Amino acid sequence: QVQLVESGGGLVQAGGSLRLSCAAAGTIFSINVMGWYRQIPGQQRELIAAITNTGHTNYANSVKGRFTISRDNGRKNTVYLQMNSLKPEDTAVYYCNLEYPSPNVNYWGQGTQVTVSS
């Protein structure tokens, strides 16, 4: 089993920054993708950033140039999301995800609230 523990959410003014962290506990296989999703009430959960175990990254257009995903494979497979130039529309619950591609298995964190005030 895998557990994902998130931290770092909170309230920030527009233009500010926050850093989210997610530590994976349990038996972690080396080939995986870790990512951050967000969900606004009434909307689908969307992928905003992902990083493979080899460091390849992918971003949603809405956060390119503002958010940076990184990971520390040595420190319990921890993934970070540095969020700069935050906008009110970034307000959402942010979820950490760990995915094994084959067979496809997904694990989710409990979610952390990010609120950006205007």
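**Salt bridges and the disulfide**

R66 and D90 form a salt bridge, with 2.8 Å between the closest N and O atoms. The model is predicted. The structure holds 3 salt bridges and 1 disulfide.

**Salt bridges of R38**

- R38 pairs with D90 in a salt bridge, at 2.9 Å from N to O. The two lie 52 residues apart, R38 in strand 4 (residues 33-39) and D90 in the loop between strand 8 (78-83) and strand 9.
- R38 also forms a salt bridge with E46, where the closest N and O atoms are 2.9 Å apart.

**Burial and the network**

- R38 counts as buried because its relative accessibility is 5%.
- E46 has a relative accessible area of 31% and is therefore partly exposed.
- R66, at 11% relative accessibility, counts as buried.
- D90 counts as buried, with a relative accessibility of 1%. Through salt bridges that share partners, R38, E46, R66 and D90 are joined into one network.

**Disulfide**

- C22 and C96 are joined by a disulfide with an S to S distance of 2.1 Å. The bond links distant parts of the chain, from C22 in strand 3 (residues 18-26) to C96 in strand 9 (residues 92-100), 74 residues apart.
- The link of C22 and C96 is left-handed, with -80° about the S-S bond.
- Both C22 and C96 are buried.

Key. Residues are numbered from 1 along each chain as its sequence is written. This is a predicted model: local features need pLDDT of at least 70, side-chain atom pairs count only at pLDDT 80 or more; totals for chains, interfaces and linings use all residues. Side-chain values use heavy atoms; hydrogens and water are left out. A disulfide is a pair of cysteine sulfur atoms within 2.5 Å. Helices (H or I, at least four residues) and strands (E, at least two) are DSSP runs, numbered from the N terminus. Buried means under 20% relative accessible area, exposed over 50%, partly exposed in between (1.4 Å probe, protein chains only). A salt bridge is a side-chain nitrogen of Lys or Arg within 4 Å of a carboxyl oxygen of Asp or Glu.
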